[in-house]
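Here are my notes on the model, point by point. Please keep the structure open while reading.

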Amino acid sequence: MTLATSIMGQLQRRERQISALFQTTRAVSSSLSLNEVLNHLTRNAALALSTGHSSIRLLDEAGETLNLAAAFGLSKAYQEKGPVDLTHNPLAKEALSGRPVIVNDVTDDARLQYTRQVLDEGIHSLVVVPIIGRTGPLGVLRVYAGQTRRFSDADAQFVMTIARQGAVAIENAMAHEALQRAESERAQFVRTVTHELRSPVGGAQSLLRVLLQQMSGELTPTQQDIIARVEARLDALMALINDLLALAATTTRGYQEKPEPLDLVAQVRSAVELRSAEAQEKQVTLELSLPSHPVHVHAGVEGLAHIFGNLVGNAVKYTPEGGRVSVAVELRGPSVHVAISDTGIGIPEDELPRLWQEFFRASSAKKSGIVGTGLGLSIVKRRVEAYGGMISVVSRVGEGTTFSVTLPTCAPPQEPSA
Ligand code: ADP
């Protein structure tokens, strides 16, 4: 090999490594999925060193066993070769103490735990580096090579650099997944409790209705008044239970609706129709302006019913007698815009940013004596955003409020072929 060829070879290797490092930074910093991060790391480490094989093992909670978390270019049999526990694997133990370990002849190294399986896989040399997080070692990154490749200290240092970058991304992804798990468990707990509460409260509501309708005997006006007040309290409790259930459904894994192309116009029309009796009773004029054709959005029926049921319901609820609520659906390029405006009590401007927080109720609503849970809007916002949309609000105390929802449109559902 001439000097020129050797220098060219080294330059090409360097170029590959820099490109792999760049790819690693870009890929791992843009993902919060642990699997994705680990797969990027193994792939980039193997390709950068031109070996085509690598793996990441992460320590279990007890810090005794290294479990396979990602593999690149390794056979299934090799991946399943057995547990790597620190007492039987001096190589891993050495790496976890904080420095890279190079084995350039696997046949002649007593530190290996699975020599036969390593040789069966065609591996003759390997480099093991620690992945060290903020609180200590997280695991090891290994890169393997066949007979013709020997690892240098520079190679090991390079894998260390990848592992260092990886550690930050792995910790971020682990924290993110732990948070999601905790949120999902919390929501599951709320779901179970509220579900259990629903039937006794529902039962009590029906019994009170029987009493109030005087089917089980006449009531004195005082008794009627007391029972009506208990009924109102139970109605408020049921509304809270329903809101908590809806909130939990937006965060519990497996309970989210599968989105499909739905006609938004029909959904908004039915949300308005559902509130028309209440509006009429309060002498609130309900106006509706819709496009003459269907407009499809990618969403769930329950989700859309919740979004528009809540916004139209609030508009009617927070608008005093004689007021007006108008709902308008309008196509705007690739999006559809729905405005729900009312001439109601309004919301103080400085409170608007907190409107989307769970349990927040504006001072104007509390002063008015109108009951509510403060949960509806937080769920509405989550749902709108889950469908790729946006929600905003403008309001003036004593004049009225307008909520605007923008959702991306989609193609109508495919007709099933005959
Ligand atoms: P609630 O059950 O209290 O109505 P929401 O989450 O639906 O809960 O709304 C949160 C708060 O936002 C309400 O308590 C009220 O202060 C305010 N709000 C929502 N919609 C309107 C509206 N159309 N007019 C005035 N205030 C509103």
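1. Arg396 stands opposite Gly400 in β13. Strands β12 (residues 390-396) and β13 pair in the antiparallel sense, over 7 bridges. Two strands count as paired if DSSP finds at least two bridges between them. Strands (E, at least two residues) and helices (H or I, at least four) are DSSP runs, numbered from the N terminus. The hairpin has 3 residues between its strands, and Gly398 takes a positive phi near 80°.

2. A word on the basis. This is a predicted model: local features need pLDDT of at least 70, side-chain atom pairs count only at pLDDT 80 or more, and totals for chains, interfaces and linings use all residues. Residues are numbered from 1 along each chain as its sequence is written, and side-chain values use heavy atoms, with hydrogens and water left out.

3. β13 has another partner to check. Strand β11 (residues 335-342) pairs with β13 in the antiparallel sense over 8 bridges. Asp342 of that pairing stands opposite Thr401 in β13.

4. β13 (400-408), α9 (301-317) and α11 (376-386) each supply at least two residues of the shell around the ligand. Which element gives the largest share of that shell? α9 does, with 4 residues.

5. Now the shell itself. There are 22 residues around the ligand, and Asn314, Tyr318, Arg361, Thr373 and Leu377 come nearest. A residue is near if one of its heavy atoms lies within 4 Å of the molecule. The shell divides into 11 nonpolar, 8 polar and 3 charged residues. Here Ala, Val, Leu, Ile, Met, Phe, Trp, Tyr, Cys and Pro count as nonpolar, Asp, Glu, Lys and Arg as charged, and the others, Gly among them, as polar.

6. Look at the polar contacts next (pairs of N or O atoms within 3.5 Å). A polar side-chain atom of Lys317 lies 3.1 Å from an oxygen atom of the ligand. A backbone N or O atom of Gly376 is 3.0 Å from a ligand oxygen. For a polar backbone atom of Leu375, the distance to a ligand oxygen is 3.5 Å. Taken alone, the ligand exposes 530 Å², and the protein buries 98% of that. Those areas come from the Shrake-Rupley method with a 1.4 Å probe.

7. The ligand takes up the space of the largest pocket. On a 1 Å grid over the protein atoms alone, a pocket is an open set of points with protein on both sides within 12 Å along at least five of seven lines. A molecule sits in one if more than half of its atoms lie within 2 Å of its grid points.

8. Turn to the other sheet. Its 6 strands form an open, antiparallel sheet in the order β3-β2-β1-β6-β5-β4. The edge strands, β3 (84-85) and β4 (101-103), each pair on one side only.

9. Within that sheet, β5 (residues 125-133) and β6 (residues 136-145) run antiparallel, joined by 9 bridges. Gly133 has Gly136 as its bridge partner in β6.

10. β1 (residues 53-59) and β2 (residues 65-72) are joined by 6 bridges, also antiparallel. Leu58 stands opposite Asn67. Their hairpin has 5 residues between the strands, and Gly63 in the turn has a positive phi of about 75°. β2 also pairs with β3 over 2 bridges, where Leu66 has Val84 as its partner.

Notes. Polar contact = N/O pair within 3.5 Å; in protein donor to acceptor, adjacent residues only side chain to side chain. 1 Å grid on protein atoms, 1.4 Å probe; cavity = no way out; pocket = protein on both sides within 12 Å on 5 of 7 lines; lining within 4 Å.
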